[in-house]
Amino acid sequence: MSQIVSVHSFRGGTGKSNLTANIGATIALQGQRVGIVDTDIQSPGIHVLFGLDEEKMTHSLNDYLWGRCSIKDTAYDVSHVLKTENETSVINDRLYLVPSSIKASEISRILREGYDVGRLNDGFEDIIRSLNLDYLLIDTHPGLNEETLLSIAISDVLVIILRPDRQDFQGTAVTVELAKKLEVSNMLLVVNKVLPAFDFDSLRLQMETTYNTPVAGILALSEDVVQLASSDIFCLRYSDHPFSHTVKEITQQILRQN
């Protein structure tokens, strides 16, 4: 059975897309077929991490939502990022990305006209079937709207990302409450961009007590991650870095929810 994993944050700037890309790549390295859909249509960007040039994207999620193509036509095989320096060919694991358009005209049309959320849901099912995916990761739009409610409702696993920030705390409480009302069975919290001086054990206890939800991992604010500036998948370039080890731990907890 394929698993749908939604990665969500109530506010922007949490590092959601970066973490989604790293989790997706890490799952693929476990021998899984993984798809990632960028449903942050109003402010897309995850394609940058995979080195996908927007000028070469013949189709995007927007094209599918407007009925211009099938959802499979919008999926790009980005498995090349999984290749290590010592390999001469791409390994057999598969990683696909469905990007959203970065064109201003396409974004403004979404803002002006909206789109059929039901068609988006059909697209999730079609892409899983047509690409024979083991995992579909949905990089959601921050906050709560019709699309994010759908993504949350259909998730087998919901990963909620927050920073140690009072505004994030309040917004996460709303998201967790809503997810419980939607009967999401598997929820995990990830606390990102935490100053290394914090007491991580104390923070974990505080988060789990406050939200009654397990914390899959706490990621320290890393200068190395900042310096990479979304130019690559951090876990693949720096596999022995503490950030990468924590992402691997988060990934294992996601896999255990199956």
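Tutor: Happy to! Please keep in mind that this is a predicted model. Let us begin with Arg-109, whose charged end sits over the ring of Trp-66, 3.5 Å from the ring centre. There is another arrangement of this kind to find: the charged end of Arg-119 sits over the ring of Tyr-64, at 4.1 Å from its centre.

From charges over rings, we can move on to rings beside rings. A pair of aromatic rings is described by the distance of the centres and the angle of the planes. The structure holds 2 aromatic pairs. In one of them, Phe-234 and Tyr-238 lie 4.9 Å apart, centre to centre, with 45 degrees between their planes, and the pair is tilted. Phe-234 also pairs with Phe-243, here with 5.3 Å between the centres and 80 degrees between the planes. That pair counts as edge-to-face because its angle is over 60 degrees. Phe-234, Tyr-238 and Phe-243 form one aromatic cluster.

Now look along helix α11, which covers residues 242–256, and find Thr-251 in it. Thr-251 has 0% relative accessibility, so it counts as buried. Leaving out residues up to four places away in sequence, Thr-251 touches Ile-23, Thr-26 and Ile-27.

To finish, turn to a place where helices meet. Two packed helices are described by the angle between their axes and the distance between the axes. Helix α7 runs over residues 166–181 and helix α8 over residues 200–211; the two pack at an angle of about 45 degrees, with their axes 10 Å apart. Helices α7 and α8 are therefore oblique to each other, and α7 passes α8 in a right-handed crossing. If you want to pick out the residues that make this contact, α7 contributes Asp-168, Phe-169, Thr-172, Ala-173, Val-176 and Lys-180, while Gln-206, Met-207 and Tyr-211 come from α8.

Definitions and conventions
Residues numbered from 1 in each chain as written. Predicted model: local features only at pLDDT ≥ 70, side-chain atom pairs only at ≥ 80, totals over all residues. Heavy atoms only, no water. Phe/Tyr/Trp six-rings, centres within 6.5 Å; stacked < 30°, edge-to-face > 60°. Lys NZ or Arg CZ within 6 Å of the ring centre and 35° of its normal. Helix = DSSP H or I, 4+ residues; strand = E, 2+ residues; numbered from the N terminus. Buried < 20%, exposed > 50% of the residue type's maximum accessible area, 1.4 Å probe, protein only. Contact = heavy atoms within 4.5 Å. Axes fitted to C-alpha atoms, helices over the stretch in contact; angles between N-to-C directions. Parallel < 35°, antiparallel > 145°, perpendicular 65-115°, else oblique. Left-handed = near helix turned anticlockwise from the far one by under 90°.
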